[in-house]
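Subject: Structure handover

Hi,

Here is the structure you asked to look at, followed by some notes on what turned up in it.

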Amino acid sequence: SYLKALSNYLVDNGVSFEADQSYQLSRVENNWSVKFGDGECINPKNIIITAGISSNIFDFYRDLPLIAVKGQLALFESENPFPFQHAVSALGYYASLDNHVFVAGSTYEHKFTHEGTDEYGADYVQNRLYKIIPELKNTSKLIKQWSGVRASTPDRMPIVGKHHIYTNCYTLCGLGSKGLLYSALFSKELANAIINKTEISSEVNINRFF
């Protein structure tokens, strides 16, 4: 809901989106070209790569030190209302979606053979949930799982800033499991760096790796 609201806000303020299209990104001299599958082509002054764990699929960002961390979450339905009005952070995160449905997670898997959900993820999440809120053990049931792969970094801090060779190429990635918390803060910081030539905070500056 938050991301949808943000998307609508950006559209209302003149941002256009091209979604669910194949594209080719290329560089001609000092300029960028993005050609979409429908034939449309744009030539942006700057590009910002914000593709999470897929950010280093681009040749010019192949050396980004991103670490894949799989996370599995679970959706539960409870006979009784979820006992808290607020989210809970303890051996994971737990938050009510309505009175009787809540989400719990997540795993932090540094070694995995597939990106989907599995029994390990369900057991891991349930065991931690029932340690924190034991009264839910006999009154709730797992109804759905989902998973994703986060982009972490060697020091667990995001990577923000300008490419070390291309002056009109930037990235914001490596936010790990804190994407919704970090994204607005570092998006503003990166925007200021591009427009007003301010410095990116040293803790997250891409220069620490190059």
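A note on residue classes to begin with: Ala, Val, Leu, Ile, Met, Phe, Trp, Tyr, Cys and Pro count as nonpolar, Asp, Glu, Lys and Arg as charged, and the others, Gly among them, as polar. Please keep in mind that this is a predicted model, in which local features need pLDDT of at least 70 and side-chain atom pairs count only at pLDDT 80 or more, while totals for chains, interfaces and linings use all residues. Residues are numbered from 1 along each chain as its sequence is written, and side-chain values use heavy atoms, with hydrogens and water left out.

**The second largest pocket**

This pocket holds about 270 Å³ of space. It is lined by 13 residues, and those closest to its centre are Y108, S152, R156, G176 and S177. Sorted by class, the lining has 5 nonpolar, 5 polar and 3 charged residues. A pocket here is an open set of points on a 1 Å grid over the protein atoms alone, where a 1.4 Å probe fits and protein lies on both sides within 12 Å along at least five of seven lines; lining residues have an atom within 4 Å of a point. Grid points are joined across faces, edges and corners, and the volume is the space filled by probe spheres set on them.

Strands are DSSP runs of E, at least two residues, numbered from the N terminus, and two of them pair if DSSP finds at least two bridges between them. Strand 10 and strand 11 (residues 169-173) run antiparallel and are joined by 4 bridges; V160, for one, has L172 in strand 11 as its bridge partner.

**Cysteines**

How many disulfides does a search of the whole structure find? The search finds 0, where a disulfide is a pair of cysteine sulfur atoms within 2.5 Å. The sulfur of C169 has its closest cysteine sulfur in C173, and at 11 Å that is too far for a bond. C169 is buried at a relative accessible area of 0%, and C173 is buried too, at 2% (buried means under 20% relative accessible area, exposed over 50%, partly exposed in between, with a 1.4 Å probe and protein chains only).

S54 sits in the loop between strand 4 and strand 5 (67-78), and is partly exposed at 33% relative accessibility.

Best wishes
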